[in-house]
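This briefing goes through selected local features of one protein model. Please look at the sequence and the coordinates before reading on.

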Amino acid sequence: MTEENPYQLNHRHLLGLEDYSRQEIRLILDTADSFKEVIQRPIRKVPALRGKNIVNLFFESSTRTRLSFELAEKQLSADTLNFTTSGSSVSKGETLSDTARNIEAMQVDCVVVRHSAAGAPLFLSQCLSNAVIINAGDGAHEHPTQGLLDLLTIRDTLGDIEGLRVAIIGDIAHSRVARSNIWGLCKMGAEVAICGPPTMIPIDIEDMGVEVHYHVEDAIRDADVVYALRIQLERQQGVGLFPSIREYARLFGINTERMSHAKPGAIVMHPGPINRGVELDSDVADGKRSVILDQVTNGVAVRMAVLYLLNGGGERDDG
Ligand code: CP
């Protein structure tokens with residue numbers, strides 16, 4: 001058996017955290033830490049990916065992920081192209097594989113893709129010959145860079161992730177953020193408790209090594225991290241999975257009283273965008289325990305690290 005090289009990733013693409021080892025995740029977090037120092041300089045730019053062409057191929061809306069990938073690419077000196085479906089030939093019926101193969105024919109080195117279909121990044125990795133594929137969120141499957149930026153935020157705030165208790169509350173079934181977090185947290189040795197309406201808990205979720213709760217206080221009790229998920233009405237296909245938004249907020253919304261069940265130093269996280277007053281009260285979202293904007297800041301450094309490591313950034317020359 002060959003040993004893993006601790007200084008490089010053993011994957012060509014980032015399709016999900018399910019496939020990544022603890023050592024690879026740690027390498028990405030450590031590399032992101034070094035890029036955090038770069039981001040704080042007066043001139044936030046290094047030449048690591050000079051000459052690389054990177055396209056951000058977004059078939060779904062995004063604020064945080066798309067902008068932070070673009071910023072990360074620019075700070076690494078890559079040449080960046082942004083693709084969104086509106087105004088593209090997708091509206092004339094062009095398929096995903098034709099779109100991607102035409103983009104690759106323009107000598108694109110790396111494709112960052114967000115798509116409503118789970119498996120779209122895997123599909124692209126199979127139909128493109130040379131480009132590195134990075135998953136920026138595929139349906140309800142995974143959102144690996146979100147999982148990584150969340151791990152970095154927890155590590156920055158609370159130290160070693162091993163042994164921490166993390167409660168993830170909400171729409172687990174439709175959440176790619178939950179799946180990437182569960183893979184990442186379990187690999188790093190955290191204890192993960194999930195909670196939501198029974199209609200939003202996948203039946204095989206315990207196989208991922210998590211505790212399942214249906215009362216939010218039980219999941220939050222003694223937690224170091226309380227992670228509220230966004231209700232994803234766009235993925236529920238018109239099926240009512242809970243009686244009403246008001247009922248959901250009453251049973252599962254995170255408020256100050258519910259946070260009193262967590263450890264005194266517990267932090268609150270959310271991937272954004274927040275439905276205020278539904279999954280999270282504003283008092284908590286904007287309170288002193290919230291690290292939600294730190295998650296966004298860390299998103300840039302984590303995406304720089306992923307882009308750098310997967311695109312063979314070579315010798316660092318920080319100028
Ligand atoms: N967290 C997240 O993926 O946000 P966006 O949809 O705005 O990218």
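How many salt bridges does the count come to? The count comes to 15 salt bridges in this predicted model.

**Salt bridges**

- Asp30 and Arg155 form a salt bridge through their side chains, with an N to O distance of 2.9 Å. The pair links distant parts of the chain, since Asp30 belongs to helix H1 (residues 22–39) and Arg155 to helix H5, 125 residues apart.
- Asp30 is partly exposed because its relative accessibility is 39%. A network of salt bridges links Asp30, Asp33 and Arg155.
- Arg165 and Glu211 also meet in a salt bridge, at 3.1 Å from N to O. Arg165 is in strand E5 (residues 165–169) and Glu211 is in strand E7 (residues 211–213), so this pair ties together parts 46 residues apart in sequence.
- The two partners have these accessibilities: Arg165 is buried at 10% relative accessible area, whereas Glu211 is partly exposed at 30%.
- In the salt bridge between Glu247 and Arg250, the closest N and O atoms are 3.3 Å apart. About one helical turn separates Glu247 and Arg250, because they are three residues apart in helix H8 (residues 245–252).
- Glu247 is partly exposed at 27% relative accessibility, while Arg250 is exposed at 52% relative accessible area.

**Sheet**

- Four strands form an open sheet in the order E2-E1-E3-E4, with parallel pairing. Strands E2 (79–84) and E4 (132–138) are at the edges with a single partner strand each, so one side of each has no neighbour in the sheet.
- On average, neighbouring strands of this sheet are turned by 15 degrees against each other, direction ignored.
- Five bridges join strand E1 (residues 53–58) to strand E3 (residues 110–115) in the parallel sense. Leu57 stands opposite Val113 in E3.

**Helix H11**

- Helix H11 (residues 292–310) has 19 residues and spans 27 Å from its first C-alpha to its last, close to the expected 27 Å.
- A kink of about 30 degrees in H11 is centred on Asn298.
- H11 is mostly covered, with 15 of its 19 residues buried.

**Thr153**

- Thr153 is in helix H5 (residues 144–158). Thr153 counts as buried because its relative accessibility is 1%, under the 20% cut-off.
- Beyond its neighbours within four places in sequence, Thr153 contacts Met269, Val291, Asp294, Gln295 and Asn298.

Technical notes. Residues are numbered from 1 along each chain as its sequence is written. This is a predicted model: local features need pLDDT of at least 70, side-chain atom pairs count only at pLDDT 80 or more; totals for chains, interfaces and linings use all residues. Side-chain values use heavy atoms; hydrogens and water are left out. Helices (H or I, at least four residues) and strands (E, at least two) are DSSP runs, numbered from the N terminus. The expected span of a helix is 1.5 Å times one less than its number of residues. The bend at a residue is the angle between axes fitted to the seven residues ending there and the seven starting there. Buried means under 20% relative accessible area, exposed over 50%, partly exposed in between (1.4 Å probe, protein chains only). Contact means heavy atoms within 4.5 Å. Two strands pair if DSSP finds at least two bridges between them. Axes are lines fitted to C-alpha atoms, for helices over the stretch in contact, and angles run from 0 to 180 degrees between N-to-C directions. A salt bridge is a side-chain nitrogen of Lys or Arg within 4 Å of a carboxyl oxygen of Asp or Glu.
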